[in-house]
Structures are given as structure tokens and as C-alpha cells.
Amino acid sequence: MKILLTIAMIFVFATAIGQNSLFINEQDYFEMDGLDVIVFSDFYPGGHQSGVTIVQHGIRVAANGDLRLEPAPGQWSPVPKGGDLKVDREKRIISKTLWYPDSSRNRKGFNPINYPDLVLHYTVSVIALDCSSFRIVVDLDKPLPEDWVGKAGFNLELFPGDLFGKSYLMDQKAGIFPTQPNGPVFYHDEDLLTQPLANGSVLVVAPEEDLQRMTISSEKQHLELWDDRSNHNNGWFKIRSIIPAETTKGAVEWIITPNVMPGWHYKPVVQVSQIGYHPEQKKIAILEMDKKDEPAENFKLYKLGAEGRTLVKTGLPDHWGRFLRYNYATMDFSGVSGPGMYQLSYGKYLTHPFKIDGDVFERHAWQPTLEYYLPVQMCHMRVNEKYRVWHDCCHLDDAVMAPLNITHFDGYSQGSSTLCDFKPMETLPGLNRGGWHDAGDYDLRVESQMGTVWMLALMIEEFGLDYDATLIDPEQRLVEIHVPDGKSDAIQQIEHGLASVLGGYRSMGRLYRGIICPAIRQYVLLGDAAAMTDNLFYNDSLNIKVPPGIFSGIADDRWVFTEDNPRRELYVTAALSAAFRVLKESNPDLADEALKTALDLWSSASQVEGNASSKVIALSELILSTNDPELKKILISLKEGIISDISRCGWAVGHMIHLIEDKKFRDEIASAVREYQQQIKKQTESDSPYGVPYKPHIWGAGWNIQQFGVEQYFFNKGWPELTTTEFFENALNFILGVHPGINTSSFASGVGSKSVTVAYGVNRADWSFIPGGVVSGTALIRPDLPELKIWPYLWQQTEYVMGGGATNYMFLVMAVDALYKQDK
């Protein structure tokens with residue numbers, strides 16, 4: 001009742017002000033038709049999601065409005081720590097007190113930050129004015145120390161992708177936002193900066209665009225317009241005012257007036273699979289509308305032919321309700337099954353073409369991942385595609401043992417021991433073959449290596465994956481895309497992954513945690529992976545003359561990190577067990593080694609208390625590989641743990657429940673599965689209109705939804721009478737375009753009519769993509785804006801990853817394809 005009363009009071013207050021002025025809504029941000037000003041609902045500065053954020057006509061145009069200590073802060077720069085948000089609806093003020101340093105991140109924790117010797121407390125306040133204007137005020141608790149005058153300033157970043165080629169005015173001096181950063185260049189202390197684009201008191205952004213025009217004025221401090229891309233490829237345009245000396249109250253005061261189109265409201269968006277549907281599938285598109293709109297007209301389904309579009313179905317969308325900041329409805333055209341190409345429309349919105357046919361998933365669907373993405377990510381190989389070289393042989397000098405007692409800037413940590421016979425900075429044999437670059441960067445994480453091996457093995461088992469489009473020659477370290485070599489690509493990729501992980505195990509007698517470069521300058525490499533190190537196996541006794549360069553000698557070699565982590569060992573146990581089953585005919589020696597290693601890991605990791613779900617998953621794969629009665633007894637003894645954590649490990653039991661003869665065990669697990677399935681059915685019906693459990697977060701949810709889909713496949717395999725196929729079908733549809741936001745691209749690059757073709761892959765500096773890579777997808781600008789920008793540097797939206805990001809997608813496509821062929 002109290003919540004309803006609060007919302008009612010907000011509505012009355014907003015109505016009294018009118019929709020022509022900013023008011024504070026129930027989500028604690030400023031709102032009016034066509035404009036939202038969000039104040040520290042997000043805190044992810046490295047991802048350009050923090051501070052004061054401006055959403056103009058439904059598009060996030062500015063973010064990270066906050067006090068920063070450097071002219072051009074980057075990913076590892078100091079960031080503040082913040083207190084509670086203070087909201088005064090009567091005065092229309094939102095404020096937050098923050099301070100430097102953040103003691104929880106100062107030289108410790110995951111991604112540690114080196115903070116300077118500065119203690120600074122300040123408050124950022126945003127005050128609504130008339131119409132669309134608002135004031136930003138920065139107050140300090142005490143004046144800046146003299147050493148920091150001229151360094152610290154208030155920054156507001158402007159998203160570059162929508163500004164290239166647009167104009168700006170600074171005190172009537174005109175300019176154009178450049179497509180690339182340009183000089184002149186100068187040193188500011190130790191930072192190399194380009195000259196500001198403009199200085200003055202009043203900045204007008206994009207005066208020619210009614211939907212983008214915005215005016216920023218400052219009476220006290222000069223405004224500086226910078227292009228931060230000259231320092232960091234992932235930088236944005238930035239407006240900055242220096243904090244003056246001997247100032248506390250009103251150290252910075254700006255007035256910002258975004259232009260707002262009268263009567264603006266969000267235009268409807270239709271979300272449909274960009275690749276299409278099998279004729280027998282449920283076909284439900286999602287209609288996303290302004291929160292004040294409801295379905296008011298019929299949708300139209302057209303079939304495409306020689307004469308153009310032919311109308312084949314109409315109907316009124318079914319209202320679903322509110323999710324995030326929008327209203328939603330569903331459009332069911334399941335009854336349409338004729339093979340062909342189709343388009344859906346609602347109002348003026350027309351979707352891209354999509355296919356309805358029994359062969360919709362047979363080609364151009366999962367194949368790009370196996371044909372392109374996995375080969376391109378292969379480490380220690382030269383990867384050719386006809387005239388193109390994706391990258392040359394790389395990291396041939398892998399790898400040296402990491403130093404002791406350090407936390408790496410990317411989160412790896414080495415303790416007080418190497419946990420093996422190798423000493424710090426000693427070269428380990430066997431690690432300069434195999435493996436895949438983990439993501440948009442070049443490290444090798446054991447879980448991403450084995451996750452990829454595992455999924456490939458399961459696809460061979462479940463769907464008979466046997467496809468050859470690539471020449472893979474490990475002896476010559478050569479990959480040729482679209483040159484078949486008579487061998488299964490999936491089997492060869494599995495062998496490549498095992499070459500790295502088992503190579504490390506042979507050397508150390510244990511798993512590596514990860515292999516990564518030691519320096520940030522190497523880590524941020526955008527280009528050929530072969531350029532990261534000198535590729536020379538360096539040893540004093542060999543008397544090798546190391547050529548000069550930025551990276552050379554043993555100092556550039558990647559580091560190997562180790563850890564004592566039974567949970568991760570159990571994960572690798574499961575993956576190795578699956579690899580054994582699919583390799584035992586084609587490569588029996590490697591298969592036997594994989595199983596022996598899996599059993600060794602199980603023998604040690606299973607003795608450690610805890611990790612119950614991980615033990616169940618590892619046992620399930622081991623039982624499938626060995627049918628060992630003793631392992632079955634152990635699994636049955638874990639029954640209570642399985643039941644209590646059925647959502648995490650039940651899928652793995654479903655994979656092998658047919659091998660368990662204990663009826664009581666089977667019945668009690670089935671009962672738990674029935675209850676769990678009922679729970680997620682309720683959750684999917686209430687969470688969102690997308691038919692999967694979905695609670696958006698800063699990172700796109702695509703990878704988690706894919707994993708959910710794969711797990712639901714195995715629940716359905718083990719208990720078809722208690723489960724539904726809709727969960728893994730809906731998960732695939734989500735990846736292929738049925739997801740929130742104005743950008744309805746398929747998350748699988750190069751798949752479908754419209755897909756993400758500017759992605760955070762190793763070729764992101766070229767504004768390009770890797771076919772078959774799968775991005776995390778639509779992220780959440782908190783509290784309620786779904787966003788998938790066309791921009792190559794937002795890792796939380798468009799990064800590719802190994803270990804499930806791409807191979808889980810492959811699995812789902814094959815699962816849905818097999819589902820509709822099993823009775824044929």
C-alpha cells in the first residue's frame with residue numbers, strides 16, 4: 001500500500017508539473033517526454049556507464065558525468081567510491097556524495113587500481129530547472145591540494161558513434177566531430193594528449209539535429225571539448241571543466257539543455273528471429289512500445305515473392321504488460337507454416353526478412369562459428385582465409401611461471417607458491433601449442449579452453465556433428481579456412497584445446513589457471529596476435545640474440561598462473577570425460593590421457609569439502625565415460641544435495657539418468673525436477689515477455705540465457721514428460737533477435753538478416769566482426785534502459801568469448817533443428 005501511495009504521489013506531482021518539465025519518477029531519475037537524466041543509478045565507469053547520464057529521445061547520448069583525477073582517464077584509472085543517493089522530489093534534486101580513494105580496490109582485489117596519495121570528498125547534485133534544462137553542481141568538502149589543481153576536473157562523455165560528421169558550436173566557433181582522432185599532440189605531465197577540439201563557455205552539440213541538439217553552458221569555469229580516443233581507442237568525446245584552486249562550494253556549475261521534440265514518444269519496435277523458424281515451431285514476435293501505448297492496430301505478416309509482399313495474416317497483438325521502461329505485446333503467427341521468406345510489420349515498423357522452412361537451421365546458422373570464429377581464435381597458429389591472414393603464428397615463446405604474491409591487472413592472482421616444481425620466471429615446456437584466445441583479448445583461461453572442448457564433444461554426441469570446412473595442421477601451425485582436409489573440424493578443435501590444457505598438466509602435474517601477458521601495453525594490443533611477443537623461446541644457455549623492440553626477450557613472454565581450486569578442477573574433469581568419449585575411436589591415446597587426467601583430478605578434488613553441484617556434474621560425465629558402479633554409488637549418495645540444488649546440477653543428471661537403476665533415486669530426482677520446472681515456468685511468465693528467466697544486468701544476458709537453454713535441453717532429455725522444449729527454443733530466439741531494445745540484431749555475428757557486425761573481437765579497431773562470434777548482447781543502463789549500441793568498444797555489450805559464448809549458441813541451433821527432425 002505504501003509503494004502504491006508513493007507511485008500515486010509521483011504521478012500527481014508529475015501531472016502538476018506537466019510533461020514539459022523534468023520530474024523525478026518512481027525509479028529515482030529525472031524524466032519527461034523525450035528526456036531522461038539518470039544520476040548514478042549505474043556505477044561502471046570503465047564501461048562508460050556511471051555518473052550523470054543523459055537519454056535523449058530514447059537514446060543514451062552522454063554518460064560518466066563525474067569528477068575524475070586525470071584529463072583522459074582509462075580502464076585502469078582511479079574511480080571514486082560513492083555513498084547513498086539522495087532524492088528530494090519536492091525540490092527536484094538528486095545528489096550523491098563520493099570520495100577518493102576506494103579502499104576496497106586500492107591495489108587489491110579483482111582488477112586492482114593504483115590510487116594516488118589523495119583523499120578527496122565531493123558531492124555531485126543535479127537540479128531540475130524549467131522545461132528540459134537542469135543544473136549540475138559539484139561541491140568539495142575542502143579545496144583541492146595544490147598539486148592537483150589543473151588535473152582534477154568534472155567530465156561528461158558524449159557517445160561518439162552518433163556524432164561523427166555532426167557539427168558543434170563553442171561560443172559561436174564552429175567545428176565538426178571528427179571520425180578519427182586528430183592532432184596536434186602535447187604532453188600533460190606524463191600523459192600524451194591531443195589539443196582540445198574547442199574551449200569556451202557555451203557548447204552546442206549537433207545544432208542541425210533536432211533529436212540530438214544539446215546546449216551546455218558554464219558561467220564560472222571554461223568548458224573544454226576533448227576527443228579521448230587519442231589516448232584510448234575506446235574513448236568518447238568529452239566535455240570537461242577544471243576544478244579551480246581554493247574552491248569548495250560550486251566548484252563546477254553547468255546548465256545543460258537537451259532539445260526535446262514536443263509530443264515525442266518511443267516508436268514501436270518488432271522483435272523477431274533474424275534467421276527464422278521451422279514450420280512447426282511456435283512463432284511469437286514481441287512488440288515493444290512506449291510505456292503509455294497499448295496495441296492499437298493489427299500487425300501484418302507478409303510473404304515475399306516475385307511480386308513483392310503478399311499479406312498472409314493479420315491480428316491484434318496480445319497485450320503482455322510492462323517490462324523495464326516499455327509496454328510489451330506478443331504477436332503469434334504460429335499457424336503460418338508455408339516455406340518462404342516473410343516480413344512482419346506493425347504501424348510503420350517493418351522487420352528484416354526471415355525464413356520459415358524445414359531447413360532454416362541447416363546452413364548459415366551454426367556453421368559460421370565452426371568455420372570462422374573457432375579458427376580465428378586459435379592460438380599458436382597462422383590462420384589464413386584465401387588472400388586474408390587473420391593472424392600469424394603467435395605466442396611461440398609461451399610461457400614462463402608468474403611471479404609470486406601478485407595480483408595481475410586482469411584479475412589473475414599468484415599466491416606464495418607456484419604449486420609445482422617450476423620457479424617464478426622459469427620457462428615451462430609444452431605450453432606453446434594449442435588453445436584459443438579467450439575473448440576480445442589474448443589470454444588463455446582454463447575454463448574457456450575446456451568449456452569449448454566440452455560443448456564440442458556434446459554436440460558430436462548429441463547431434464552427430466561431423467563437418468569439414470577447415471584445414472588444421474598442428475605440426476605446420478597452419479589453419480586454412482574453407483580448405484577441407486578430410487577430418488572433422490570439431491574433433492580437430494577438441495584436440496587443439498587439449499594440446500594446451502594437457503600440455504600444461506604434463507609439465508606441472510596440475511592445471512594452469514591462465515596464461516596472460518605481463519604488461520598492460522601488451523594486453524591492450526589491437527592487431528595481429530603475433531605482434532604481442534617476439535615469439536622467441538628465450539634461454540640464456542642458447543645465447544639467442546634478441547632483436548630490439550618494445551617487447552623482446554623473456555620479459556615479453558606470457559605468464560602462467562596456477563591455483564588451488566577444486567571447483568575448477570571438477571569442471572575440467574567433466575570436460576575431459578566428455579572429450580574421451582568422442583576421441584576414443586579417432587585418437588585413442590589422447591582419449592586415454594584425457595580420461596586418466598579426469599580421474600586424477602576427480603580423485604583429489606572430490607576429497608575437498610563443498611562444491612557439491614560441481615561434484616555431481618563431474619560425476620555425471622565420468623559415469624557416462626566409464627559406467628563405473630562405484631561412481632554411481634557416490635552420485636546416489638549425493639541425492640539430497642542434488643535435490644536442494646537441482647537448478648544448478650540437475651541438467652547433468654538428466655544427461656545420464658538412464659544409466660541409474662536405483663528407482664527411489666530416480667523418483668525423488670524426478671519429483672525435484674517437476675517442482676523446479678514449475679518454478680521456472682512461473683518465473684519466465686512474470687520476468688519478461690521473452691519466455692526465459694531474464695533479469696537484465698550491466699552486462700548483456702545473452703551468454704547466461706544460452707547456458708540456460710543448453711541446460712534445459714538436458715532436463716528435457718532426461719525427463720521429457722516433466723519438461724518443455726520451449727525454454728531452449730526461446731533461448732535461441734532471444735539470441736537471434738527476440739530481445740529488448742531498439743537494436744534487434746542477432747547476437748551471432750553474420751547470422752540472419754541483421755546481426756552484430758561491429759563487435760568487441762580482436763579486430764574491433766577495424767569496426768569489424770568475426771563471423772560466428774556471439775556477443776553478450778543487449779545490456780542494461782540501470783535502472784531500466786536496454787541498450788545495444790553500434791560501437792566496437794563496449795565489452796559488456798559486444799564482446800566475444802570462448803568457453804560457451806559461441807559453442808553454446810551452436811548447441812542450441814542444433815538442438816532446435818534436431819527437435820523438429822526427430823520424428824521425420
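**Figure 1. Thr 470 faces Ile 481 across a strand pair.** In this predicted model, Thr 470 stands opposite Ile 481, a residue of strand β38. The two strands here are β37, residues 470–473, and β38, residues 478–481. They pair in the antiparallel sense, over four bridges. Together β37 and β38 form a hairpin, with four residues between them. Arg 477 sits in the turn and has a positive phi of about 55 degrees.

**Figure 2. Strand β37 has a covered face and an uncovered one.** Thr 470 and Ile 472 make up the covered face. Leu 471 and Asp 473 make up the uncovered face. In a regular strand, side chains alternate between the two faces of the sheet.

**Figure 3. Helices α6 and α8 pack against each other.** Helix α6 spans residues 566–583, and α8 spans residues 612–626. Their axes are 8 Å apart, and the angle between the helices is about 20 degrees. Angles under 35 degrees count as roughly parallel, so α6 and α8 are roughly parallel to each other. The crossing of α6 past α8 is left-handed. On the α6 side, the contact is made by Arg 567, Leu 570, Thr 573, Ala 574, Ser 577, Ala 578, Phe 580 and Arg 581. On the α8 side, the contact residues include Ile 617, Ala 618, Glu 621, Leu 622 and Leu 624.

Figure 4. The loop lies between α8 and α9, with α9 covering residues 629–637. Asn 627 is not a glycine, yet its phi is positive, at about 55 degrees. Its relative accessibility is 39%, so Asn 627 counts as partly exposed.

**Figure 5. Lys 386 also has a positive phi.** Here phi is near 55 degrees, in a residue other than glycine. Most residues other than glycine have a negative phi. Lys 386 belongs to the loop between β31 (382–385) and β32. Its relative accessibility of 53% makes Lys 386 exposed.

**Figure 6. A cis peptide bond joins Asp 398 and Ala 399.** Omega is about -10 degrees at this bond. Most peptide bonds are trans. Ala 399 is placed in the loop between β32 (388–391) and β33 (400–401).

**Figure 7. The bond from Arg 782 to Pro 783 is cis.** Omega is near 15 degrees here. Pro 783 is in the loop that runs between β41 (779–781) and β42 (785–787).

**Figure 8. Cys 517 is buried and in no disulfide.** A search of the whole structure finds zero disulfides. For Cys 517, the nearest cysteine sulfur belongs to Cys 379 and is 11 Å away. A disulfide calls for sulfur atoms within 2.5 Å. Cys 517 has a relative accessibility of 3% and counts as buried. Cys 131, by contrast, is partly exposed, with a relative accessible area of 47%.

**Figure 9. Asn 64 is buried in strand β5.** The strand covers residues 59–68. Asn 64 has a relative accessible area of 6%.

Technical notes:
Residues are numbered from 1 along each chain as its sequence is written. This is a predicted model: local features need pLDDT of at least 70, side-chain atom pairs count only at pLDDT 80 or more; totals for chains, interfaces and linings use all residues. Side-chain values use heavy atoms; hydrogens and water are left out. Buried means under 20% relative accessible area, exposed over 50%, partly exposed in between (1.4 Å probe, protein chains only). Two strands pair if DSSP finds at least two bridges between them. Axes are lines fitted to C-alpha atoms, for helices over the stretch in contact, and angles run from 0 to 180 degrees between N-to-C directions. Angles under 35 degrees count as roughly parallel, over 145 as roughly antiparallel, 65 to 115 as roughly perpendicular and the rest as oblique. A crossing is left-handed if the near helix is turned anticlockwise from the far one by less than a right angle, and right-handed if clockwise. Contact means heavy atoms within 4.5 Å.
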